[in-house]
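Let's take a friendly walk through this structure, with an eye on its salt bridges and one of its sheets. Have the sequence and the 3D view at hand as you read.

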Amino acid sequence: MSNSNCIGCPGPVSGQGTLRLRSFAARFSGPVPDVTVHITGDGLDMTVFTDADGIGPDIPVTAPAASYSLDENNTTVRPYATVDIQATASGYYPLTIRGVQIFDGQITLANLDMTPADEADPQSAAQDVILVPEHSLFAGTSGS
């Protein structure tokens with residue numbers, strides 16, 4: 001397999017992680033059904049939907065081999081794939097999460113905290129954008 005799906009990988013990509021989606025109404029903890037979720041990055045460009053319980057399908061994501069994340073001397077190859085998520089649902093503000101990290105052999109749970117739209121001001125097109133920073137161990141901050 002080529003490394004075209006992995007930014008920064010010097011050789012073959014031999015791993016796969018899983019992205020799991022769960023949507024719920026922020027501050028209310030109830031599931032949000034029928035959320036349209038667009039996922040892009042590291043070889044992905046797809047749209048899926050959450051079910052009546054706010055659960056989306058598990059999505060396989062090509063990721064660098066786990067050995068990159070276990071090598072403490074690795075400072076050049078990002079040991080995970082990243083994806084961006086855009087979620088929309090009727091009655092809720094759009095939500096964007098950038099840089100979701102997917103590790104080989106791991107399940108990444110993306111909680112989509114959907115904020116109910118302000119019915120008093122339907123013109124306010126607020127959008128939540130969450131930026132996930134580089135993993136601290138890879139960024140050189142040793143988890144601090």
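A salt bridge here is a side-chain nitrogen of Lys or Arg within 4 Å of a carboxyl oxygen of Asp or Glu. This is a predicted model, in which local features need pLDDT of at least 70, side-chain atom pairs count only at pLDDT 80 or more, and totals for chains, interfaces and linings use all residues. Residues are numbered from 1 along each chain as its sequence is written, and side-chain values use heavy atoms, leaving out hydrogens and water.

Searching the whole structure turns up 2 salt bridges. In one, arginine 98 meets aspartate 84 at 3.9 Å, N to O. Arginine 98 belongs to strand S6 (residues 95-102) and aspartate 84 to strand S5 (residues 81-88), so the pair ties together parts 14 residues apart in sequence. Strands are DSSP runs of E, at least two residues, numbered from the N terminus. Arginine 98 is partly exposed at 37% relative accessibility, and aspartate 84 is partly exposed at 25%; the term covers values between buried (under 20% relative accessible area) and exposed (over 50%), with a 1.4 Å probe and protein chains only.

Aspartate 58 and arginine 20 also form a salt bridge, their closest N and O atoms 2.8 Å apart. This pair links distant parts of the chain, 38 residues apart: aspartate 58 sits in the loop between strand S3 (44-49) and S4, arginine 20 in strand S1.

Strand S1 leads us to an open sheet of 3 strands, ordered S4-S1-S7 with mixed pairing; strands pair if DSSP finds at least two bridges between them. Strands S4 (59-63) and S7 (107-114) are the edges, each pairing on one side only. S1 (residues 15-25) runs parallel to S7, joined by 8 bridges, and serine 23 has leucine 112 as its bridge partner in S7.

Terms used:
Helix = DSSP H or I, 4+ residues; strand = E, 2+ residues; numbered from the N terminus.
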